[in-house]
Amino acid sequence: MQLIAQIAFFIVLVAGIGFFTFNIRRVIRNVKLGRKVDRSDNPGERFAKMAKVAIGQSKMVKRPFAGFLHIIVYVGFIIINIEVLEIIIDGVFGTHRILSFLGSGYNFLIATFEILALLVLLGVIIFWLRRNVTNIYRFLGNELKGWPKNDANYILYFEMVLMILFLTMNGADYQLQLNGADHYAQNAGIAGSFPVSQFLLPWFEGFSTATLIIIERTAWWLHIVGILIFLNYLYYSKHLHILLAFPNVYLSKLTAQGKFDNLESVTNEVKLMMDPDADPYAMPAEGAEDEVPEKFGASDVMDLNQVQLLNAYTCTECGRCTDECPANQTGKKLSPRKIMMDTRDRLEEVGSIINEKGSFEDDGKQLLDNYILREELWACTTCNACVEACPIGIDPLSIILDMRRYLVMEQSAAPSDLANAMTNIENNGAPWPYNQMDRLNWAKEN
């Protein structure tokens with residue numbers, strides 16, 4: 001029977017990790033649909049930023065209460081899952097608490113895991129109340145209705161159940177050790193310290209050893225299977241940021257926030273115009289006339305760069321960006337969070353077409369208009385508040401600017417006021433409709 005359990009565990013483990021790997025490969029493929037962008041500069045500075053922002057959670061604590069709770073859940077969930085290593089070893093080899101040879105160090109670890117499990121459970125309950133009861137403004141956006149709201153709650157339920165299973169497993173195990181049950185009792189005494197689950201012992205009074213084993217094994221199996229299900233659920237959830245936050249912060253911009261990226265093709269044209277030695281009538285280089293002109297800006301996800309697509313997958317939907325957005329605060333349709341969610345939804349739609357047909361075929365849709373409205377794009381003030389507010393370095397502004405660039409340079413579809421200003425700059429050297437000779441006439445009126 002023990003051998004069958006080991007084989008079953010091995011199959012479940014391989015299947016869970018295999019399916020997770022399959023889905024992560026899809027994410028990587030989808031991100032690579034974007035344009036390549038070089039972010040290999042200043043690796044030391046990038047690692048330092050990742051350590052500070054992604055690992056150290058430095059931007060989370062700008063909102064102290066939510067930040068503190070998030071750190072508890074983040075640290076607790078990661079450290080508690082160190083015990084998964086022991087569970088995997090025990091499951092594959094049929095052992096029980098294989099790391100107990102560490103003695104007092106092991107007791108300290110198990111005690112730490114239990115205290116953190118309790119704190120995570122409390123933190124998750126508070127998060128659920130904040131999201132569903134207290135009506136915090138940033139959790140009430142239209143883009144969070146339906147699946148996004150349910151998804152956030154599903155993850156909270158997952159974490160609650162996993163922590164309860166962990167403590168139940170330990171409590172039943174502790175009682176079995178006290179009872180001297182075969183396979184559980186240790187010659188060196190009690191393996192582990194159980195400062196939280198010991199309070200569950202009154203629930204187990206009067207249970208036979210066989211019943212306690214069933215409780216412990218059931219909680220043990222549900223805990224590890226639940227972790228594997230949680231791992232694979234990440235692909236379908238906003239909680240993919242648990243894994244992607246680290247590369248996302250590493251690859252984020254190091255230049256001044258909101259700095260407008262110049263198009264290389266336009267830059268080359270300007271340099272050519274400014275070069276006094278350039279011959280405007282020179283024939284183009286051989287083969288240059290056959291080159292397809294680069295598309296200006298972005299109308300679909302394939303026009304965005306790979307870091308922007310990674311941003312879309314990494315978005316936590318926390319709404320801090322939208323909460324800080326002055327356009328949103330004044331009732332405009334723009335929500336930076338929605339920009340990222342729409343980008344991810346469109347990217348997933350493109351990925352589904354590739355899965356079905358082997359390559360992308362035009363489906364008559366694009367990110368612009370079908371997902372993100374022009375009204376949203378032009379509502380942005382480019383103040384950069386959304387980028388500054390994001391706790392993991394996501395840049396909604398860059399997507400907005402690239403899509404605006406497409407509207408202006410490819411479709412000449414700028415709003416009339418902006419089009420007039422650009423025409424005036426071209427003709428008069430200023431955004432006002434007065435030539436240079438008349439610019440100071442106002443001073444003569446008095």
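A salt bridge is a side-chain nitrogen of Lys or Arg within 4 Å of a carboxyl oxygen of Asp or Glu. The model is predicted, so local features need pLDDT of at least 70 and side-chain atom pairs count only at pLDDT 80 or more, while totals for chains, interfaces and linings use all residues. Residues are numbered from 1 along each chain as its sequence is written, and side-chain values use heavy atoms, with hydrogens and water left out.

**Exercise 1.** Determine which parts of the chain the salt bridge of Glu317 ties together.

Solution. Step one: the partner of Glu317 is Arg344, with 2.3 Å between the closest N and O atoms. Step two: Glu317 belongs to the loop between α11 (306–314) and α12 (320–324), whereas Arg344 belongs to helix α14 (residues 336–357), so the pair ties together parts 27 residues apart in sequence. Helices (H or I, at least four residues) are DSSP runs, numbered from the N terminus. Step three: both Glu317 and Arg344 are buried, where buried means under 20% relative accessible area, exposed over 50%, and partly exposed in between (1.4 Å probe, protein chains only).

**Exercise 2.** State how Arg346 and Glu349 are placed in helix α14.

Solution. Step one: a salt bridge joins their side chains at 2.8 Å, N to O. Step two: Arg346 and Glu349 are three residues apart in α14, about one helical turn. An α-helix has 3.6 residues a turn, so residues three or four places apart point the same way. Step three: Arg346 has 0% relative accessibility and therefore counts as buried.

**Exercise 3.** Compare the span of helix α6 with the expected value.

Solution. Step one: α6 covers residues 147–179, which is 33 residues. Gly180 follows α6 and has a positive phi, near 70°.

**Exercise 4.** Identify the element that gives the most to the nonpolar surface patch.

Solution. Step one: the patch consists of Phe19, Phe22, Trp147, Tyr154, Tyr157 and Tyr236, with about 630 Å² of accessible area together. Patch residues have over 30% relative accessible area and no salt bridge; nonpolar side chains (Val, Leu, Ile, Met, Phe, Trp, Tyr) are joined within 5 Å, and like charges within 9 Å. Areas come from the Shrake-Rupley method with a 1.4 Å probe; for residues, only the protein chains shown count as cover. Step two: α1 (2–31) and α6 each give two or more residues. Step three: α6 gives the most, with three residues.

Methods
The expected span of a helix is 1.5 Å times one less than its number of residues.
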